[in-house]
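Please examine the sequence and the structure shown below.

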Amino acid sequence: MSQSADSIISYLELLHSNRHLIAAAYCNGGVGMEEDNQRRIRQLQQHRVLIPYFQDDYRLSPSLGRHLDEVFQRQRSYAVGANFGELINRLPQLIVEYINASHENRLEDQEMYGSDFDVGVFELASLVNNELLSLRVITENQFANVRTLAEKQRQNEFYLDRAEKIGEAISMLEGDLLLGTLEGSTLLKPLFVVYQHQILARLQEWRATHLDITAVLKAFLYRLRQVEPEARRLRAFAHFLRKNPDYQLPEIDSIQALPSWSSRFAGLRLKVHPDLSSSQTRESLVDVAKAIPAAKIIIIKERVAGHPIGDGSDKPVNVIQPKPVQLAFHRYLEAASSALKPLSAVSWKRQQQEFTELDDEAWLLYTIHAIQMLGKGPKGRLREFQTKRREAPRGHPRSGNIVVTDIELWKKA
């Protein structure tokens, strides 16, 4: 019996010995870690049977859960396959059914849709995390482990397509279709707590991992495009040598034109250095040195101790005047410190007649910069103030641009 078959039997025996724990995790939606089952849960976690859910709670892996659903014909609402787009589009449907069941006072159905939403979010988060982990391992360890350049290019483009789909899924998860709906209703607060814990808390980490993977793939594809012309030229030269096994390189003096296979040679990089051992070189350098004009040496005499310098009354005095935007920000801080509610920077500036010529965008840009500079460190001047940025909706979810429309500033209570 092969070693792989022994490993499978050992794994199935592990499942059989922990059958009661696995059945409890499937029927109850999870299992908690206690003193009597701690060792078994750790063992099942190592074999990817149980996945951490929250603190000491564990759930079955989505793949094993789907297998048990198929065996026992357990039907879930809007159940779909492991496709990011379809999994994400399923969640708004469950939210609609959850709201309808609540309005129609169907509490059991509402609880069922809430449970399906919980499982769907957990499954989606697990799939995104596993996909990123798998793609990162492939790109950093096994990527491009093929024999030909064409295979490398096709493999790279395939992984780029997978990374792009993950990026689209991450953009959909932080879009207004889901997040805006959950945040804007108190009825959906239980669903929002689940979504925040499983999705929103991981978005930043997922986005950083996705950018790292994409950077590796793009850099490797760029190198492939640089290698391709060189590889094509070397293949042509190798094909020429196979067709002409008796070919001998001609003498350099007899070559009228360079052969095609050497046309991309960059040439030798030469650096010129003077040979000081030669008398001719020394004489030439002497002539060059004589032609260089002498540097003007200026000696600053030290002031004799005790001599009066003068009171400087004859020198003009320059009075530094603050710029209009600096003066406006200073007065805005004074107004915000005495305001009873958050004070809008744009609204306050528009009410000041002396600052009407100051552009709104320039004023807002200076205000953001000044707040960042003055608020740094424990001794910052704005440590007693609280700030809030008003941002416009994103024009495109993947653009990365953040449009700030206003700044509010108020003093801490």
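**A guided reading of the predicted model**

L241 counts as partly exposed, because its relative accessibility is 34%, where buried means under 20% relative accessible area, exposed over 50%, and partly exposed in between (1.4 Å probe, protein chains only). L241 is placed in helix α9; helices (H or I, at least four residues) and strands (E, at least two) are DSSP runs, numbered from the N terminus. Together with F240, Y247 and L249, L241 makes a nonpolar surface patch of about 350 Å². Patches are made of residues with over 30% relative accessible area and no salt bridge, with like charges joined within 9 Å and nonpolar side chains (Val, Leu, Ile, Met, Phe, Trp, Tyr) within 5 Å.

This is a predicted model, in which local features need pLDDT of at least 70 and side-chain atom pairs count only at pLDDT 80 or more, while totals for chains, interfaces and linings use all residues. Residues are numbered from 1 along each chain as its sequence is written, and side-chain values use heavy atoms, with hydrogens and water left out.

The protein chain as a whole contains 13 helices and six strands. It has 413 residues, of which 30% count as buried. The chain exposes about 30000 Å², and carbon and sulfur atoms supply 53% of this area; accessible areas come from the Shrake-Rupley method with a 1.4 Å probe, and for residues only the protein chains shown count as cover. Among contacts (heavy atoms within 4.5 Å) with a separation of 6 or more, 60% are accounted for by residues 24 or more positions apart.

The charged pairs come next. A salt bridge is a side-chain nitrogen of Lys or Arg within 4 Å of a carboxyl oxygen of Asp or Glu, and by this rule the count comes to 11 salt bridges. One of them joins the side chains of D212 and R136 at 3.6 Å, N to O. D212 lies in helix α9 (residues 189-243) and R136 in helix α6 (residues 107-142), so this pair ties together parts that are 76 residues apart in sequence. D212 counts as partly exposed at 40% relative accessibility, and R136 counts as partly exposed at 28%.

Another salt bridge links the side chains of R106 and E104 at 2.8 Å, N to O. R106 has 27% relative accessibility and therefore counts as partly exposed.

E391 and R389 also meet through their side chains in a salt bridge, at 3.1 Å, N to O. E391 is partly exposed at 44% relative accessibility, and R389 is partly exposed at 42%. Elsewhere, salt bridges that share partners join E104, R106 and D109 into one network.
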